Amino acid sequence: MRINESIDAVELRRALEQGAGSVEGPEELGPLQVQGECRTGRLLLTHGAGAGQDSDFLVELRRALANAGVQTLAIEFAYLRRMRCEGRRRPPPRVEKLVEELASWRDALSPHLEAPLWLGGKSMGGRVASMLAARDGAAGLVLCGYPFHPPRRPERQRLDHWPELRCPTLVVQGERDPFGTRDEVEGYDLPDVAEVRWLKDGDHDWRPRRASGLTRIELIHEGARGIAEFMARHA
């Protein structure tokens, strides 16, 4: 899918300058949510397979990123917007279709942006962003809870495209993430451009066990600070 209609440049510029707002994109792409000032960097942020940008995790992450100086441009894929309209769950389409949809968003936004646009997302959305970056390049990648493999299927690694990554890549991963635990991932041969920041005792949604003495809010803010530091270092 490639979109020819462009986004409203005036509406977009106003939201970017104010650090808040909803911008209507081309009809096929839907709305764009802007949050935070671009003091450190700008991140086009995607969501996971089953929950959109209104999930507790992404709402708190965008707030924490804004506090750390990262402006987020949050999108939702067409299948999830359709799921909202129909009021029922549906699986995402093939990942290659989502890569094209994200590419259309990037192409619609890039002509209007001065600061480099980083790509990233939660779980499946991070995988989509990494596949686009491996194919076309990107200023950088931020992958939150990357799905290195399906739960309980560690042999089915989702790393085939990683050798093609050439941009700074940060993975922020809970140590207990069933999609890739610390013990598993530290055994992978990741490219030199990739760095993994571990969140103590966190699961796929960065939720620690009570016995750890930590809270998910603390881990989300720790992750956001790590993202901002990484983006500033590679600006």
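Student: Where does H204 lie?

Tutor: H204 sits in the loop between strand 8 and helix 7 (216-233), with helices (H or I, at least four residues) and strands (E, at least two) taken as DSSP runs numbered from the N terminus. This is a predicted model, in which local features need pLDDT of at least 70 and side-chain atom pairs count only at pLDDT 80 or more, while totals for chains, interfaces and linings use all residues. Residues are numbered from 1 along each chain as its sequence is written, and side-chain values use heavy atoms, leaving out hydrogens and water.

Student: Why does H204 count as buried?

Tutor: Its relative accessibility is 12%, and buried means under 20% relative accessible area, exposed over 50% and partly exposed in between (1.4 Å probe, protein chains only). H204 therefore counts as buried.

Student: What makes the link between the side chains of H204 and D177 a polar contact?

Tutor: The distance is 2.8 Å. A polar contact is a pair of N or O atoms within 3.5 Å; within protein, one must be able to donate a hydrogen and the other to accept it, and residues adjacent in sequence count only if both atoms are side-chain atoms. The H204 and D177 side chains are joined by such a contact.

Student: Which residues is H204 in contact with, leaving aside neighbours within four places in sequence?

Tutor: They are K122, S123, G145, D177, P178 and F179, where contact means heavy atoms within 4.5 Å.

Student: S123 is on that list. Why does S123 count as buried?

Tutor: At 10% relative accessibility, S123 counts as buried. S123 belongs to the loop between strand 5 and helix 5, and its phi is near 50 degrees, a positive value in a residue other than glycine.

Student: R152 also has a positive phi, near 65 degrees. Does R152 count as buried or exposed, and why?

Tutor: R152 counts as exposed because its relative accessibility is 76%. R152 is placed in the loop between strand 6 and strand 7 (169-174).

Student: Which residues lie nearest the centre of the largest pocket?

Tutor: Among its 22 lining residues, G48, A49, G50, S123 and H204 lie nearest the centre. Helix 2 (56-67), helix 4 and helix 5 each supply at least two residues of that lining. On a 1 Å grid over the protein atoms alone, with a 1.4 Å probe, a pocket is an open set of points with protein on both sides within 12 Å along at least five of seven lines, and lining residues have an atom within 4 Å of a point.

Student: Which element gives the most to the lining of the second largest pocket?

Tutor: Helix 1 does, with 5 residues. The residues lining this second largest pocket include L12, R13, C38 and H112.

Student: And why does D201 count as buried?

Tutor: D201 counts as buried because its relative accessibility is 9%. D201 is found in the loop between strand 8 and helix 7. D201 touches E175, R176, R207, P208, R209 and S212, not counting residues up to four places away in sequence. From D201 to F230 there are 29 residues in sequence and 22 Å in space, C-alpha to C-alpha.

Student: What does W162 touch, not counting residues up to four places away in sequence?

Tutor: W162 touches S130, L143, Y146, F148, T169, V171, L190, P191 and A194.
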